[in-house]
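User: Hello! I have a model open in my viewer and would like to talk through its side-chain contacts with you.
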Amino acid sequence: MVGILLLEPLASFAAPAVTAANGSVADGSTIVISGSGFGSKSPAKPYLWAPMDGSINPSSLGVVTSWSRMGQMAYGGSCGAGGGGCMEGTRSNGVGTNDWTAAILSPASSDWNDYGQETYVYRKSKKTFDYDSAKNVKSIRFWGQASNGGLQAPNFYFGSSLGRVGIEGIPTVYADYSMAPATLVTAKGPIGSWYTEEMSVKANSDSNSADADFRLAVNGGPYLVQFPNQTWMTNGFKIKTDSGYANDGRMRILFPVHMVVEGSDGWIPSISGSQYWVDDVYVDTTWQRVMIGDSPQFTSCTVREIQIPTAWSDGSISVVANLKAFPAGKNKYLFVVDRSGNASPGFPLSNAPRPNAATISVQ
């Protein structure tokens with residue numbers, strides 16, 4: 001058993017910096033961000049963006065516009081975090097397995113666990129029950145794809161009921177890390193109200209490096225956990241050249257909505273009537289992103305909303321603003337996060353009218 005490192009993001013001398021942002025700060029408007037250190041991003045759009053506005057299908061603002069797999073989930077027209085629609089699971093009957101899942105395939109040219117591959121998942125969740133240790137709940141999971149299209153080991157997961165990261169299906173290797181109890185309470189999220197989850201995953205850079213990582217943040221704030229440079233990664237999450245299991249360890253299927261509450265194999269299912277909802281699911285193949293928060297310091301934010309990029313260069317980014325669930329009356333600060341997970345200082349946003357242009361400026 002190896003202890004989890006409880007760390008905040010490491011500072012970087014090359015962190016991005018925002019110098020200007022032009023456009024109206026309103027849901028659905030376009031904001032053009034100027035600055036430095038953003039890096040390149042191609043395509044600019046995320047891999048998936050599913051705001052659930054009128055449909056369960058992902059938006060054309062992302063690369064993927066349909067779900068590849070769906071469990072016991074359906075569209076609800078008025079259940080969302082911002083008052084619109086959301087994806088909702090069927091009510092638990094208190095027995096068996098509640099397969100509240102939605103998944104997408106990796107890009108055709110790569111797998112989620114290719115050397116050095118990054119994955120970032122943002123979503124809003126709501127549930128009516130606790131993820132206690134008697135339940136088997138996976139908040140995120142990567143699976144291989146069998147020749148018949150089914151699920152195939154190995155797989156990587158974060159189990160939010162037990163607060164552990166694990167890898168299954170690798171001969172002689174089973175990675176298992178348990179969170180401290182106080183950290184696990186936060187990681188599970190509240191009961192009965194919407195909360196945000198941000199999960200960042202990075203595979204090893206090569207077969208001899210132990211530099212894979214998993215990071216988790218709930219309702220903004222600092223990372224609750226961070227797993228840099230763990231020795232298990234050389235055996236557990238390189239996977240691409242290991243032998244002894246089928247399909248060369250490819251992880252093609254990602255469950256960005258994966259809340260399986262099992263009543264089999266000794267696990268206790270959620271009580272009858274329990275439900276789970278999800279809204280604003282965002283997935284990308286890089287940690288680069290744009291967010292709006294309620295504090296000038298990224299790790300001090302209690303609210304962080306993902307923004308949807310449409311153009312991206314080292315000195316300029318265009319985003320479609322996503323503010324429908326941002327609390328009224330909250331201050332708004334814009335952040336650019338680079339490929340290493342470093343966030344820019346918060347850039348204050350306002351909508352003060354100006355001649356000839358609607359310019360967002362420093363106060």
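**Salt bridges, rings and a disulfide**

User: How many salt bridges does a search of the whole structure find?
Analyst: Happy to start there, with the reminder that this is a predicted model. Searching the whole structure for salt bridges gives a total of 13.

User: Which residue forms a salt bridge with lysine 124, and what parts does the pair tie together?
Analyst: The closest N and O atoms of this salt bridge, between lysine 124 and aspartate 280, are 2.5 Å apart. Lysine 124 belongs to strand S8 (residues 118-127) and aspartate 280 to strand S17 (residues 276-284), so the pair ties together parts 156 residues apart in sequence. The partner of lysine 124 is therefore aspartate 280, tying strand S8 to strand S17.

User: Are lysine 124 and aspartate 280 buried or exposed?
Analyst: The cut-off to keep in mind is that buried means under 20% relative accessible area. By that criterion, lysine 124 and aspartate 280 are both buried.

User: Which residues are linked with Lys124 and Asp280 in a network of salt bridges?
Analyst: Lys124 and Asp280 belong to a network of salt bridges.

User: In the salt bridge of aspartate 132 and lysine 135, which residue counts as buried?
Analyst: The side chains of aspartate 132 and lysine 135 meet at 2.6 Å, N to O. Aspartate 132 has a relative accessible area of 24%, so it is partly exposed. At 8% relative accessibility, the buried residue is lysine 135.

User: Where do lysine 330 and aspartate 294 lie, given that their side chains meet in a salt bridge?
Analyst: The N to O distance in this salt bridge between lysine 330 and aspartate 294 is 3.2 Å. The pair links distant parts of the chain, 36 residues apart. Lysine 330 is in the loop between strand S20 (316-320) and strand S21 (333-337), and aspartate 294 is in the loop between strand S18 (289-293) and strand S19 (304-312).

User: Turning to the rings, how many aromatic pairs does the search find, and what is the geometry of tryptophan 112 and phenylalanine 142?
Analyst: The whole structure holds 11 aromatic pairs. For tryptophan 112 and phenylalanine 142, the ring centres are 6.3 Å apart and the planes are at 65 degrees. Planes over 60 degrees apart count as edge-to-face, so the geometry of tryptophan 112 and phenylalanine 142 is edge-to-face.

User: Why does the pair of tryptophan 112 and phenylalanine 142 tie together separate parts of the sequence?
Analyst: Tryptophan 112 has a relative accessible area of 1% and is buried, and phenylalanine 142 is buried at 0%. The pair ties parts together because tryptophan 112 sits in the loop between strand S7 (98-105) and S8, whereas phenylalanine 142 sits in strand S9 (residues 138-145), 30 residues apart in sequence.

User: Which residues do ring pairs link into a cluster?
Analyst: Tryptophan 112 and phenylalanine 142 are both part of this cluster.

User: Which lysines lie over the face of a tryptophan?
Analyst: The face of tryptophan 312 has a lysine over it at 6.0 Å from the ring centre, namely lysine 41. Over the face of tryptophan 277, at 5.4 Å from the ring centre, lies lysine 126.

User: What is the handedness of the disulfide between cysteine 79 and cysteine 86?
Analyst: The search finds one disulfide, and the S to S distance between cysteine 79 and cysteine 86 is 1.9 Å. Cysteine 79 is buried at 18% relative accessibility, and cysteine 86 is buried at 0%. The torsion about the S-S bond is about -115 degrees, so the disulfide is left-handed.

User: Last one: which residues does histidine 258 touch?
Analyst: Histidine 258 is placed in strand S16 (residues 253-261). Its relative accessible area is 4%, so histidine 258 is buried. Leaving out residues up to four places away in sequence, histidine 258 touches Trp100, Thr101, Arg123, Lys138, Ser139, Ile140, Arg141 and Trp143.

Key
Residues are numbered from 1 along each chain as its sequence is written. This is a predicted model: local features need pLDDT of at least 70, side-chain atom pairs count only at pLDDT 80 or more; totals for chains, interfaces and linings use all residues. Side-chain values use heavy atoms; hydrogens and water are left out. A salt bridge is a side-chain nitrogen of Lys or Arg within 4 Å of a carboxyl oxygen of Asp or Glu. Helices (H or I, at least four residues) and strands (E, at least two) are DSSP runs, numbered from the N terminus. Buried means under 20% relative accessible area, exposed over 50%, partly exposed in between (1.4 Å probe, protein chains only). Rings of Phe, Tyr and Trp (its six-membered ring) pair if their centres lie within 6.5 Å; planes under 30 degrees apart count as stacked, over 60 as edge-to-face and the rest as tilted. A charge sits over a ring if NZ of Lys or CZ of Arg is within 6 Å of the ring centre and within 35 degrees of the ring normal. A disulfide is a pair of cysteine sulfur atoms within 2.5 Å. Contact means heavy atoms within 4.5 Å.
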